[in-house]
Amino acid sequence: MKKVWFFFLSAVVLLCTAPSIECYAADYAYITNSGQDAISVINTSDNSVTATITNNVGNTPFGVVITPDGNYVYVTNQLEDTVTVISTADNSVKSTIDVDAAPSGLDITPDGNYIYVANKNSDTVSVIDTSNNTVVYTITNNVGADPFGVAVTPDGDYVYVTNQSQDAVTVINTSTKTAEPPFIDVDAFPSGLAVTPDGNYIYVANKNSDTVSVIDTSNNSVTATITNNVGADPFGVVVTPDGNYVYVTNQSQGAVTVISTSNNSVQSTIDNVGKDTTGIDITPDGNYVYVANQGENTVSVIRTSDNTLVDTIAVGNAPIALGKFMGTIPMDSDNGDDSEDDSDDDDDGGGGCFIATAAFGSYMESHVKILRDFRDVYLLTNRAGQSFVRLYYKYSPPVADFIADHEGLKTVVRYALYPLVGLSYVALHTTATQQTSTPSISSTLEPNCSDTTNESLKRKGLFKSDERDFVKNQALVKFKIEISHEAIEKIAEESGLTIIKRVSPPNLYLMEASDNTTVEEIMKRLSEYEQVEYSEPNYIYKIPME
């Protein structure tokens, strides 16, 4: 009976949740399987493989990077001399880009505009313009022999490339798209590399020397070489978001080395991670490290709080995943079309005004907030609830539009929702004693879904503030479809706002005030512009800052 009650209440609560599904996000890993010509997609909330992409994936997928907005994944195909572009909205290949021979590592500029690809057998670096997925530059001079790993600095000004056969690192100036000599000499066969979040240091794994070089970016010199306890055949490198630690895979040892950046010494070694550990990346919150094990077709998950192996995930044949294979991916409502093709759906209205918001007249109305909180606590914290929400956001906008256009119907819907508001309020304010004596609503759906703490929400990619409230100085802003990005940038500047990111549907932006401006004041400013369809608080998630 409790299950029936839960699903009934959930269904009605979905009639009152206002923001569009594109505002939700979750962390995913895209793993290149070099021996299978396939990409495994892992949902890090439960470490399940949610998709295996095989259609139109190139020969020997190797390196990988996810765009900052989470909408696309770029993959190098080492034996096909191409780069594949995958849309995360439906996990389909959208484009294939010809580059030079044996593309290996790649990275993307922080603004998402350019991708730098190391072509190992051509001694070149291709520069891809992501706006049209074409190669706009090919850097040939001073690149070095066998370029392999690629890392872009956080300010986007420089690109560092390892040269495996030259035992050196090349520095590329992104403003001129040229490699600037001299080379930075490191140890033998440099492979993966990573830059610290502050951009001050580059850590380079020297595979044939069992060392890690530390480069000071202020003068492009090696300031330290870590030799003790690094491990055999260091390959992949990742730095924690706080910049305190560096994780390095030891390929032939099947282990991961943990280095402290405070003194550049090895703090611990995590053994028995997997066979032939290669690519490595870390979740945006820094809580988990994911490692591709090429020799056993798995991905290992390490908890960074105690450096313990907590999970092993079966993937495709010979996973490599060199690069930034983890990212926060928008959960697109259409889940089948490229984000640029959603304009027709969005232009009809709907947007941020779904059924109960249309009935009560405001996204911030108190009844709507109670129902929205129920959704956040009892639906978005489990897989079944998330699927339920996705279906609702796919099919409900036309109903909301109809209600918004009929004043009499608004009144009817409001009165119909009042009892459900009360039930939701009771569910949200059940005391701890009552929850102990009576099974929670969420536990009737899934046995392990009763944890609705902030930590649980963070693991699922749904970052909530301490009060389970909106982010205090941010707003989601939907502009009319015909408004250009340049015009939107001007409006943001005039309003004293900064564009944090462009969300997946056309002209939906997450904006932030640099001062202590309230959300209400932000929305008031934006209401003065006829180009703005609507604005609403960022209740759903906080953008993880690197």
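In what order do the four strands of the open sheet stand, and is their pairing parallel or antiparallel? The order is β21-β22-β23-β24, and the pairing is antiparallel. Strands are DSSP runs of E with at least two residues, helices are runs of H or I with at least four residues, and both are numbered from the N terminus. Two strands pair if DSSP finds at least two bridges between them.

β21 (234–239) and β24 (265–270) are the edge strands, each with a single partner, so one side of each has no neighbour in the sheet. On average, neighbouring strands of this sheet are turned by 25 degrees against each other, direction ignored; the axes behind this angle are lines fitted to C-alpha atoms.

This is a predicted model: local features need pLDDT of at least 70, side-chain atom pairs count only at pLDDT 80 or more, and totals for chains, interfaces and linings use all residues. Residues are numbered from 1 along each chain as its sequence is written, and side-chain values use heavy atoms, without hydrogens and water.

| Pair | Bridges |
|---|---|
| β23 (residues 255–260) and β24 | Five bridges |
| β8 and β9 (residues 114–119) | Four bridges |

V258 stands opposite S268 in β24, and D107 stands opposite Y116 in β9. Six of the six residues of β8 (residues 103–108) are buried, so this strand is largely enclosed by the rest of the structure. Buried means under 20% relative accessible area, exposed over 50%, and partly exposed in between, with a 1.4 Å probe and protein chains only. The hairpin of β8 and β9 has five residues between the strands, and G112 there takes a positive phi near 75 degrees.

A487 lies in helix α10 (residues 485–494) and is partly exposed, at a relative accessible area of 28%.

Note on methods: Axes fitted to C-alpha atoms, helices over the stretch in contact; angles between N-to-C directions.
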